[in-house]
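Thank you all for coming.

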Amino acid sequence: MSNPRLTRILSTRDRVQDTLSAHRNELVALLSRYVDQGKGILQPHNLIDELESIIGDDDARKKSLSDGPFGEILKSAMEAIVIPPFVALAVRPRQGVWEYVRVNVYELSVEQLTVSEYLCFKEELVDGTSSDPFRLELDFEPFNANVPRPSRSSSIGNGVQFLNRHLSSVMFRNKDCLEPLLDFLRVHKYKGHPLMLNDRIQSISRLQSQLSKAEDHISKLPEETPFSEFEYSIQGMGFEKGWGDTAGRVLEMMYLLSDILQAPDPSSLEKFLGMVPMVFNVVILSPHGYFGQANVLGLPDTGGQVVYILDQVRALETEMLMRIKRQGLDITPRILIVTRLIPDAKGTTCNQRLERVSGTEHTHILRVPFRSDKGILRKWISRFDIWPYLESYAQDAASEIIGELQGVPDFIIGNYSDGNLVASLMAHRMGVTQCTIAHALEKTKYPDSDIYWKDFDNKYHFSCQFTADLIAMNNADFIITSTYQEIAGTKNTVGQYESHGAFTLPGLYRVVHGIDVFDPKFNIVSPGADMTIYFPFTEKAKRLTALHGSIEEMLYSPEQTDEHVGTLSDRSKPILFSMARLDKVKNISGLVEMYGKNTKLRELVNLVVIAGNIDVNKSKDREEISEIEKMHGLIKNYKLEGQFRWITAQTNRARNGELYRYIADTKGAFAQPAFYEAFGLTVVEAMTCGLPTFATLHGGPAEIIEHGVSGFHIDPYHPEQAGNIMAEFFQRCKEDPNHWNKVSDSGLQRIYERYTWKIYSERLMTLAGVYGFWKYVSKLERRETRRYLEMFYILKFRDLVKTVPLSEDE
């Protein structure tokens with residue numbers, strides 16, 4: 001038997017060099033094509049298109065180049081920088097892992113580049129060759145060297161599970177590491193009153209012995225015995241309120257802690273920390289736009305984030321009330337949504353300082369104005385122009401919050417770039433656990449907005465925004481996202497957070513290690529739909545049948561108005577339905593064209609879309625105007641009259657919920673055909689109402705839907721294939737009506753398992769507990785990072801803010 005041979009794993013540089021040696025002519029021809037395009041950035045499709053041109057119909061070349069090691073490198077390259085005679089590749093072998101190589105096409109030499117060298121080379125696109133060896137570089141890696149992190153890309157976004165495994169492992173190996181847990185439990189107080197433990201317990205051994213006594217005492221009581229009946233006896237043993245409201249719950253928590261002290265394991269630790277009473281007052285920051293409960297959706301900078309937060313706080317308050325009751329505490333929680341007070345409120349409530357959130361008892365919107373040396377800013381300003389106001393806003397808001405809560409909050413959640421920056425400033429000063437929610441990171445929306453930031457800065461001030469994002473990401477105790485792709489993208493696309501790992505703003509600074517997507521602070525916590533509005537069509541008692549008349553008018557009225565065009569002549573056919581903004585990315589016009597071309601689908605179903613305006617004269621958005629014109633052209637070209645209905649955007653959420661259910665009554669389906677969708681809330685809404693759903697495989701919906709089980713993935717770049725998938729489904733349903741029910745039921749099951757606000761709020765509260773503990777035990781390690789961020793904020797961010805002009809009231 002031969003001995004196994006050890007082989008060296010080749011680096012990207014080695015593989016390129018080997019291919020150069022073996023296929024010199026072909027590679028020179030390919031690289032020369034790149035160089036011939038001149039100085040610039042090539043995207044992945046540019047790289048592959050040129051490779052395929054070189055290969056042609058030559059099978060030998062295809063095998064050696066496209067299917068060989070070099071082909072794999074090229075397929076995993078996210079960009080190429082061309083500055084003749086050099087071609088530099090940013091190669092991503094897997095999500096979160098990057099390598100950089102540069103080829104001199106004239107000399108046929110290859111060199112591996114560091115991140116810094118690659119970014120320096122990239123800067124030559126803008127600045128030319130620089131002789132300055134001392135550019136400002138941001139590198140957070142040294143501060144995180146001792147932070148444990150997973151190594152597998154599949155583990156990204158499961159930070160709390162990894163952290164619990166790490167913490168329990170450390171506790172198991174070294175019993176001295178249990179001391180911080182004791183200290184953590186002893187510091188818990190509410191308004192000066194101790195919770196969990198009192199001064200009678202000063203050591204781990206004492207805690208274990210007293211737990212044993214307390215367990216023995218409580219186990220003799222009926223499970224439902226109220227805490228008040230044995231409170232005094234266990235207080236003498238060293239235990240205060242917070243363990244539970246009944247004997248059964250107190251015992252459960254004490255058993256958990258005893259198990260952790262004897263043999264820590266990740267699930268017990270997470271469950272225990274999630275049960276510790278820590279969070280009573282929560283602040284949620286969302287400064288920009290018009291934040292209100294009515295008449296705001298559709299106003300500038302005002303949309304999904306407002307809906308998300310209002311749904312979030314209702315679920316969060318319910319979860320907090322339930323936990324506080326189970327903990328045996330008589331404490332009233334408070335949630336404050338802190339946003340901007342806008343005196344010129346345009347008919348909204350945005351000029352009211354305090355407003356209770358409907359459907360809650362203890363949650364309010366607290367509005368604080370923007371101010372400058374000239375006084376309070378009265379009018380709305382764009383989210384891109386608010387940077388000069390945020391530092392003073394953070395100070396003013398902190399004072400208002402402390403006054404309202406009669407103390408500091410226990411937990412701060414930031415939203416979007418501005419809210420996350422303000423949350424960072426507050427959390428840093430107050431010593432409070434901070435959670436970051438990006439919603440959308442602008443850097444990935446605008447290609448090359450980092451390298452060519454100067455071209456964007458007058459309008460968007462991205463230099464401020466990207467800097468604020470870096471500060472908030474690194475200051476946050478944990479980050480939640482709706483999907484994995486938001487963090488680390490897919491095999492072929494870079495994640496929103498991943499794009500902040502390394503980039504450059506030429507003339508300002510380079511980021512060589514900005515954020516690491518393997519950091520255990522990342523957690524996927526997906527939102528749901530408001531189940532008071534979106535619920536299954538089968539729940540007849542809850543149905544809003546009073547709205548059916550207006551829904552039928554909207555769908556079937558033969559009258560052509562500014563609100564709806566097109567008719568449905570055969571009302572017996574199921575409805576294929578879609579609802580989205582009317583822009584290129586949402587691809588509603590692509591869905592209409594796909595339907596128009598698919599004869600079989602047109603025979604089987606009617607198509608109804610709710611999107612944007614119908615009249616070009618009512619739109620001021622150039623992209624929407626273009627789409628409106630395209631839609632009217634499609635209706636005419638494909639003769640869709642009698643099979644297609646186009647309805648203007650609808651903001652009545654209650655009626656929209658019933659509309660989903662009404663379409664389910666027709667045994668219809670929902671389609672979401674976007675070229676890219678970060679999460680896909682309408683997908684969740686439709687599935688929650690029981691509608692079988694076809695959704696884009698580019699973005700969040702690919703994670704929401706299990707293809708062929710709880711719905712179907714469609715590729716908007718292959719519309720014919722997408723149309724055939726839909727036609728096949730409806731044909732099968734026609735032959736076997738039970739097939740529709742099966743997909744509908746599987747979709748609902750998927751939602752109940754993963755995509756509800758109840759699951760979201762439970763998870764968020766558990767994360768606040770685990771990361772609150774991690775913040776406590778690692779506070780010395782985090783201090784260096786925070787001081788570094790403080791210096792960056794003062795020396796760089798403040799100067800950038802001065803370049804943003806202050807807005808003036810007219």
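This is a predicted model: local features need pLDDT of at least 70, side-chain atom pairs count only at pLDDT 80 or more; totals for chains, interfaces and linings use all residues.

Before the charges, a word on counting: Lys and Arg are taken as positive and Asp and Glu as negative, while His and the chain ends are not counted, and each charge is placed at NZ of Lys, CZ of Arg, CG of Asp or CD of Glu. On that basis the protein carries 92 positive and 106 negative side chains, with the centres of the two sets 2 Å apart.

Residues are numbered from 1 along each chain as its sequence is written, and side-chain values use heavy atoms, with hydrogens and water left out.

Turning to the overall form, the C-alpha trace spans about 85 × 80 × 70 Å along its principal axes. Of the 810 residues, 57% count as buried, where buried means under 20% relative accessible area, exposed over 50%, and partly exposed in between, with a 1.4 Å probe and protein chains only.

Now to the backbone, where most residues other than glycine have a negative phi, and most peptide bonds are trans. Pro84 and Pro85 are joined by a cis peptide bond, with omega about 10 degrees. Gln406, which is not a glycine, has a positive phi of about 60 degrees, and at 66% relative accessibility Gln406 counts as exposed. Lys639, also not a glycine, has a positive phi of about 50 degrees, and Lys639 counts as exposed at 65% relative accessibility.
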